[in-house]
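Please look through the sequence and the 3D structure shown below, and then read the report that follows, which moves from the place where two chains meet to single elements within each chain.

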Amino acid sequence: MLFKEVWPVSVDLLLRSIKKAVMLINDMDVNRFPLLLSRILQKLHLKEERTFSEEEEEKLQTAFGFSSNDLDLVLETLEFILQQAAYHTAKPAVLGEQLKQLEMNDDKVEKIVEAWTNGARNLVQKLKERTVHPNQLEEVKWRLNLQMAQASQSKVKRPNALFQLSVRDDSSGKKENIRLEFTHEELYEFYNQLETIQKQLDSLS
Amino acid sequence: MSIVQVKGGGGGAVGLERTSFVGARVPPEIRAMIKPLSKLDKTAFKKILKVIASEIQGIEQSFQDLQPLLGGALTEDVLATVYCGLDDLVRRALKLPSSSLKKENFLQDLQDLQIPEGFHEDLVAMVVGPKRPLIDSHLEDRRPRLPSLENLSWRADVAISTGVLNRVLVRGVTMEMTLSDGSIKDFEMTVSKFQELRFHVASVLSEMEKLEKHSILKIKD
């Protein structure tokens with residue numbers, strides 16, 4: 001069953017929470033439901049961001065007639081349902097079945113399955129890109145120079161290449177520019193190493 | 001800019017349109033050294049030249065290496081003048097690529113500067129001799145530059161599963177670069193970003209090769 005996966009809470013408590021959330025969901029105005037779902041799906045892959053701002057949450061409380069706690073429960077449960085669907089890359093039909101088993105009303109089930117069908121591919125793609133290593137290579141820039149002279153040597157004519165690798169730290173958002181210089185030999189050596197890596201990647205596909 | 005030099009006497013070649021390797025005007029350091037140099041004995045000269053050669057190749061020398069030479073006519077002042085003049089002369093000669101400064105021209109210039117004939121051999125050995133490539137390579141190494149890539153450690157792997165996604169199956173490349181300034185940079189990249197990097201490196205290499213074949217590099221000066 002989809003929702004009985006390992007979770008740091010007792011299963012019993014989890015099921016009771018879900019049951020309560022389902023009851024609240026069943027009472028919701030179905031017209032505003034899709035917008036809610038699409039926002040949740042949009043933000044699901046982001047680690048730190050809130051799905052709704054405090055202001056928006058207050059508006060939602062009024063719109064659906066929920067207390068602050070009830071709204072939190074509903075949002076968390078919907079997020080949890082979609083997270084699990086993403087984790088297992090669940091088929092929409094299977095998701096629908098599971099939701100019906102939780103005694104969710106058909107109209108709500110239909111909306112959730114629809115939102116999932118539309119948003120699943122995008123979300124799974126974003127989740128695939130999420131990495132554990134914070135530093136990501138974002139951009140490669142380069143410049144080819146011909147050194148003409150230096151203080152101790154005139155008439156040099158020495159080609160050299162400057163590379164700038166922009167690496168972003170995912171967790172802090174900071175960007176670092178790694179600047180390297182290569183002579184022809186040094187660049188050729190680097191190129192050979194990259195070729196070796198490519199061969200490895202080819203064998204992994 | 002070229003200067004017509006008319007050589008007098010001494011059966012030398014008439015050097016038209018060629019500037020001495022020291023430049024259009026004889027630098028003051030060299031000019032000041034000529035007189036004391038003529039009075040210098042050969043062993044002292046050889047020793048001073050050896051110290052200069054070591055300094056240029058990055059081996060630090062101290063005054064103690066030259067101190068034993070002092071005595072009699074060779075005072076500290078005279079030693080300083082000769083050392084500075086010779087150092088300047090040698091550096092100017094080494095500044096020109098060996099293809100530019102031909103041995104005959106170098107000798108002619110030394111003669112014009114009134115460097116004693118007995119010293120020519122040692123100077124020529126340094127500037128066009130077998131040790132010259134070593135000196136050149138050292139001068140090249142000491143040029144100002146951005147850090148080079150000293151070592152590249154890398155890993156290609158497939159992410160099977162993560163906390164948020166059971167089946168990921170995405171390939172990635174992780175790199176750890178050790179630079180010549182001692183810093184260590186580690187980062188990851190997607191396969192497509194890796195291909196981009198590989199493409200850029202290949203492009204630059206091909207541009208470099210084109211550049212090296214270009215006629216501007218073939219001009220002999």
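Lys185(B) forms a salt bridge with Glu176(A), and the closest N and O atoms of this pair are 2.6 Å apart; a salt bridge here is a side-chain nitrogen of Lys or Arg within 4 Å of a carboxyl oxygen of Asp or Glu. This is a predicted model, in which local features need pLDDT of at least 70 and side-chain atom pairs count only at pLDDT 80 or more, while totals for chains, interfaces and linings use all residues. Residues are numbered from 1 along each chain as its sequence is written, chains are lettered from A and ligands numbered from 1 in the order in which they are written, and side-chain values use heavy atoms, with hydrogens and water left out.

| Item | Value |
|---|---|
| Residues of chain A in contact with chain B | 59 residues |
| Residues of chain B in contact with chain A | 61 residues |
| Area buried between chain A and chain B | about 5700 Å² |
| Part of that area on carbon and sulfur atoms | 67% |
| Salt bridges across the interface | five |

In these rows, contact means heavy atoms within 4.5 Å, and buried area is the accessible area (1.4 Å probe) that two parts lose on being put together, summed over both.

In chain B, strand β2 (residues 170–179) and strand β3 (residues 184–190) run antiparallel and are joined by seven bridges; two strands pair if DSSP finds at least two bridges between them. Helices (H or I, at least four residues) and strands (E, at least two) are DSSP runs, numbered from the N terminus. Within this pairing, Thr174(B) stands opposite Glu188(B) of β3(B), and in the hairpin, which has four residues between the strands, Gly182(B) takes a positive phi near 95°.

Leu37(B) belongs to helix α1 (residues 28–38) of chain B, and it counts as buried because its relative accessibility is 0%, where buried means under 20% relative accessible area, exposed over 50%, and partly exposed in between (1.4 Å probe, protein chains only). Apart from neighbours within four places in sequence, Leu37(B) is in contact with Phe45(B), Val82(B), Ile115(B), Pro116(B) and Phe119(B).

In chain A, the buried residues of helix α1 (residues 11–27) include Leu14(A), Ile18(A) and Ile25(A), and the buried residues of α1(A) pack against α2 (33–43), α4 (68–87) and α6 (106–129) of chain A.

Technical notes: Expected span 1.5 Å × (residues − 1).
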